[in-house]
Structure formats: C-alpha cells, structure tokens
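Here's a friendly walk through one protein model. Have a look at it first, and then we'll go through a few of its residues.

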Amino acid sequence: MRDLVGGIAILSALGAAATVGLPIALAVWRQEPWLMKQYEDHFAAVVGLPACALLSFLLVVLLESRYDRIEMEFFGIVRFRGAAGPIILWAFCFFIMACGTRMLW
C-alpha cells in the first residue's frame, strides 16, 4: 500500500510539473523574448529552485517508502512524528539545496 501511495505521489508531482512545464516549454521553443530574458537574468531562480523542490520531494518520498515512517528528534527537545517528520525533512532538504545553489551561483 505504501508503494502505491508513493507511486501516486510521484506521478502526481510529474503530472503537475508537466502541466506547468508544457506552456513554458512551448514559450522556450518559440523563444519568446520575455521568457528568454528571465532565463538569462534569473536562471537559478527560474530553474534551480523548482528543481530543488522536486528533488527534495522525491528524496522524502523515496526515504519514507523505503524506511517506513520518518521520525526526527533534535537535541532531545523537539520531536517530529507522523506527518511532521516528512514536512520538516522536505523543508530542511530544500533549504540546504537552495543555500547551496545560492552559494554556487
């Protein structure tokens, strides 16, 4: 059952990315000037941040489907269980990837 839910989540994310990405891909194919300017000036924000979000999501989904529930504890003070574990892990992964993108760009 968990594999089915993970598969549906991944397919939903890919479907949403295709829905958003198709008009953008058509604009890139036509080389619309406004979009090409955005890509040139803000490539890390236009392409990098959505890629970081998708990669973080895939990482969390794959970890959760492979290793069961994600539970975290920080310094014995704060515990994240249930739905909070994957949400916090996604936010942490996204933050680290976005900071790495910013530092390298």
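Is Ser 56 buried or exposed? Keep in mind that this is a predicted model. Ser 56 sits in helix α3, and its relative accessibility is 0%, so it counts as buried, the cut-off being under 20%. And what does Ser 56 touch, leaving aside residues up to four places away in sequence? Its contacts are Trp 90, Cys 93, Phe 94 and Met 97.

Two of those names, Trp 90 and Phe 94, come up again when we turn to aromatic rings. The count is one aromatic pair. Its members are Trp 90 and Phe 94: their ring centres are 5.2 Å apart and their planes meet at 5 degrees, so this pair is stacked, since planes under 30 degrees apart get that label. Both residues belong to helix α4, which covers residues 84-104. They are four residues apart there, or about one turn of the helix.

Now back to helix α3, which runs over residues 43-67 and also holds Val 47.

| Residue | Relative accessible area | Class |
|---|---|---|
| Ser 56 | 0% | buried |
| Phe 94 | 23% | partly exposed |
| Trp 90 | 30% | partly exposed |
| Val 47 | 31% | partly exposed |

Note on methods:
Residues are numbered from 1 along each chain as its sequence is written. This is a predicted model: local features need pLDDT of at least 70, side-chain atom pairs count only at pLDDT 80 or more; totals for chains, interfaces and linings use all residues. Side-chain values use heavy atoms; hydrogens and water are left out. Helices (H or I, at least four residues) and strands (E, at least two) are DSSP runs, numbered from the N terminus. Buried means under 20% relative accessible area, exposed over 50%, partly exposed in between (1.4 Å probe, protein chains only). Rings of Phe, Tyr and Trp (its six-membered ring) pair if their centres lie within 6.5 Å; planes under 30 degrees apart count as stacked, over 60 as edge-to-face and the rest as tilted. Contact means heavy atoms within 4.5 Å.
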